[in-house]
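Please keep the structure open while reading.

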Amino acid sequence: MRAGSDFVPVPHAVLSGLFGRHPQPFIFHNWVIYPPAIKQDGSIHVGLGFALANKGPGIARELYVNAKFFPPRGGSEVKFQTLDETNWTGRFALDHLLNLISTDSYKLAPGGVAEPFSIELYLRPPFASDLFYEITFGHQNWPTLKLAATTQLVTIADAYIRFTAGLGEPHAETRKGFMDEVLPLTDYGRDDLTQQEYDLLLGGEV
């Protein structure tokens, strides 16, 4: 296409518009991580914020997030907290499930970021089962994406002992190692997407 006195490649959004296709949003997730810390009752507290960002050229509407988080049975517990009740509505269920959808008037602009909820995890012995979480999210014009991970109770117990064995405040490397072991923050599940959708996701184009 001609731009002033130059000829430049046609942007993807412009080319799509010529064929009646409006620019599409591209939604991906980010984690907001609060370093793990030992509390007075002996538990290890981990705080996580879940954020959605729009990297595409289109406006995202009707965003949704579903979260399942099951801590180890025994002394551990998890708490969800909604962070934007003005623009998101939903419900909690059975203390471990969260369903959120954006209000009809809410729009996530290109380059915009939304943080609909956070997770407060308290790990304390005894650990009687594995840790499991699953998060699905999307919007009206994009397939549902899924994040999921399971951590075995033996791994959790060993990591807990090592993290609480040192004196004083744990070092940054110790915190990171604990997070990598106990709460792996996974990326998109490849099997949930078609090859074309996966290629677009990696390339950041729509």
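A residue is called buried when its relative accessible area is under 20%, exposed when it is over 50%, and partly exposed in between. R124 has 18% relative accessibility, so R124 counts as buried. The model is a predicted one, and every value below is computed from it.

**The chain as a whole**

The protein chain contains four helices and 11 strands. Of its 206 residues, 40% are buried. Among the contacts with a separation of 6 or more, 71% are between residues 24 or more positions apart.

**Salt bridges**

Side chains of opposite charge can pair when their charged atoms come close. In this model the count of salt bridges comes to four.

| Salt bridge | N to O distance |
|---|---|
| D41 and R124 | 2.8 Å |
| E134 and K68 | 3.8 Å |
| E77 and R124 | 3.3 Å |

Together, D41, E77 and R124 are linked in a network of salt bridges.

Another salt bridge is formed by the side chains of E134 and K68. Here too distant parts of the chain are linked, with E134 in strand β10 and K68 in strand β5 (residues 64-70), 66 residues apart. E134 is buried, at 19% relative accessibility, whereas K68 is partly exposed, with a relative accessible area of 37%.

**Helix α2**

Helix α2 covers residues 153-165, which is 13 residues. From its first C-alpha to its last it reaches 18 Å, close to the 18 Å expected at 1.5 Å a residue. Its buried residues are I156, A159, Y160 and F163. Why do the buried residues of α2 line one face of the helix? Seen down the axis of α2, they fall within an arc of 105 degrees, so they line one face. An α-helix has 3.6 residues a turn, so residues three or four places apart point the same way. The face of α2 turned away from its buried side carries the exposed residues V154, I161 and A165.

**The nonpolar core**

In soluble globular proteins, nonpolar side chains tend to be buried together. The largest nonpolar core in this model has 42 residues. Which of these touch the most other members? They are F50, F69, F117, I135, F137 and L183.

Leaving aside its neighbours within four places in sequence, F50 is in contact with residues including H29, W31, F117, I135 and F137. H29 is located in strand β3 and is buried, with a relative accessible area of 10%. The side chain of H29 also makes a polar contact with the side chain of W31, at 3.5 Å. Both H29 and W31 are among the contacts of F50.

Notes:
Residues are numbered from 1 along each chain as its sequence is written. This is a predicted model: local features need pLDDT of at least 70, side-chain atom pairs count only at pLDDT 80 or more; totals for chains, interfaces and linings use all residues. Side-chain values use heavy atoms; hydrogens and water are left out. Helices (H or I, at least four residues) and strands (E, at least two) are DSSP runs, numbered from the N terminus. The expected span of a helix is 1.5 Å times one less than its number of residues. Buried means under 20% relative accessible area, exposed over 50%, partly exposed in between (1.4 Å probe, protein chains only). The arc is that of the directions from the helix axis to the C-beta atoms. A nonpolar core is a set of buried Ala, Val, Leu, Ile, Met, Phe, Trp, Tyr and Cys residues joined through side-chain atoms within 4.5 Å. Contact means heavy atoms within 4.5 Å. A polar contact is a pair of N or O atoms within 3.5 Å; within protein, one must be able to donate a hydrogen and the other to accept it, and residues adjacent in sequence count only if both atoms are side-chain atoms.
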